[in-house]
Amino acid sequence: MNIAMILAGGTDNRFQMSVPKQFVNVYNRPVIVYTLEAFQKHDEIDAIMVSCLDGWQEMVRAYAKQFNISKLKWIVSGGRDGQASARNGILVLKDECRGDDIVVLHDSIRPFVSEEIITDSLKVCRVHDMGVAAVRTMDTIMRTNDGMVGTESISRYSIIRIQTPQAYRMDRLWDIHEKAIEKGITGEVDTNSVISRLGEPVYFSKGSDLNMKINTVEDVEMFKALYKMRQEAEKEKA
């Protein structure tokens, strides 16, 4: 069984809108619904869990009914960060899944995730017990202490940008999070960061620059523009 765990537990005080990023309406549906639909439509995804911001669980349930997200099986409370939100979901899934089942962690605010990216994360996971979406950076990278002054140039060829989905075999995922608790590793933004702090390798799957993460009001506008372009392109093909 392949389960998508959608991480929707976060808030961001810098995001200048009246609702959390994952619940902002774009063309009459919230961002999280676009994300849920991507996994609903994927043939290899059997069930969906949402690790959700407290106070929004019933809204997610209502959205699932309204937009026919029939694969939604669990809604759990999110945590204070990505690591905690994932762990809350894992604690439920460990009693529901077999060790060789695959759990695909994905940010609710990456609504443009493609079928190809999800498929490749599953494919790599079957070989390496994990498949973490990643892309090379084309920009020049500099180290800075204050965001105002650069102190060191870093080769872009030694840098890779991590995205979601991040697929993990269930027994491997459970082991990672248990080791983290034992070693006092907390507060990480995602599971691959936990793995690197444990000193273990992270295996990459395909990412994409179009697999954007909505962090700002400007990102919402970018998503609207890209979505409209995609819809127009699909109409032309039809």
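Two strands pair if DSSP finds at least two bridges between them, and helices (H or I, at least four residues) and strands (E, at least two) are DSSP runs numbered from the N terminus. By that criterion, strand β8 (residues 141–144) and strand β9 (residues 150–154) are joined by four bridges and run antiparallel. The structure is a predicted model, in which local features need pLDDT of at least 70 and side-chain atom pairs count only at pLDDT 80 or more, whereas totals for chains, interfaces and linings use all residues. Residues are numbered from 1 along each chain as its sequence is written, and side-chain values use heavy atoms, with hydrogens and water left out.

**The β8–β9 hairpin**

- Five residues separate β8 and β9, which form a hairpin, and Gly 147 in the turn has a positive phi of about 80°.
- Across this pairing, Met 142 stands opposite Ser 153 in β9.

- Seven of the seven residues of β1 are buried, buried meaning under 20% relative accessible area, exposed over 50% and partly exposed in between (1.4 Å probe, protein chains only).
- In a regular strand the side chains alternate between the two faces of the sheet.
- In β1, Asn 2, Ala 4, Ile 6 and Ala 8 point one way while Ile 3, Met 5 and Leu 7 point the other way, and all are buried.

**Helices and their packing**

- Helix α5 (residues 170–182) has 13 residues that should span 18 Å at 1.5 Å a residue, and its end C-alpha atoms are 18 Å apart, which agrees; the expected span is 1.5 Å times one less than the number of residues.
- Within α5, the residues Met 170, Arg 172, Leu 173, Ile 176, His 177 and Ala 180 are buried.
- The buried residues of α5 pack against α3 (82–93), β6 (102–107), β7 (130–136), β10 (160–169) and α6 (191–197), with contact taken as heavy atoms within 4.5 Å.
- Just after α5, Gly 184 takes a positive phi of about 75°.

**Cys 52 in strand β4**

- Cys 52 lies in strand β4 and counts as buried, at 0% relative accessibility.
- Neighbours within four places in sequence being left aside, Cys 52 is in contact with Ala 8, Gly 9, Phe 23, Gln 57, Val 60, Ile 75, Val 76, Ser 77 and Gly 78.
- Cys 52 and Arg 169 are 117 residues apart in sequence and, C-alpha to C-alpha, 22 Å apart in space.

**Aromatic pairs**

- Six aromatic pairs are found in a search of the whole structure; rings of Phe, Tyr and Trp (its six-membered ring) pair if their centres lie within 6.5 Å, with planes under 30 degrees apart counted as stacked, over 60 as edge-to-face and the rest as tilted.
- Tyr 34 and Phe 223 form an edge-to-face pair, because their ring centres are 5.2 Å apart and their planes are at 85°.
- Since Tyr 34 lies in helix α1 (residues 31–41) and Phe 223 in helix α7 (residues 217–237), this pair ties together parts that are 189 residues apart in sequence.
- Tyr 34 and Phe 223 are both buried, and the relative accessible area of Phe 223 is 0%.
- Phe 223 also forms a tilted pair with Tyr 227, at 6.1 Å centre to centre and with 45° between the planes; both residues lie in helix α7, four residues apart, about one turn of the helix.
- Ring pairs link Tyr 27, Tyr 34, Phe 112, Phe 223 and Tyr 227 into a cluster.
- Arg 29 lies over the face of Tyr 34, at 5.8 Å from the ring centre, the criterion being that NZ of Lys or CZ of Arg is within 6 Å of the ring centre and within 35 degrees of the ring normal.
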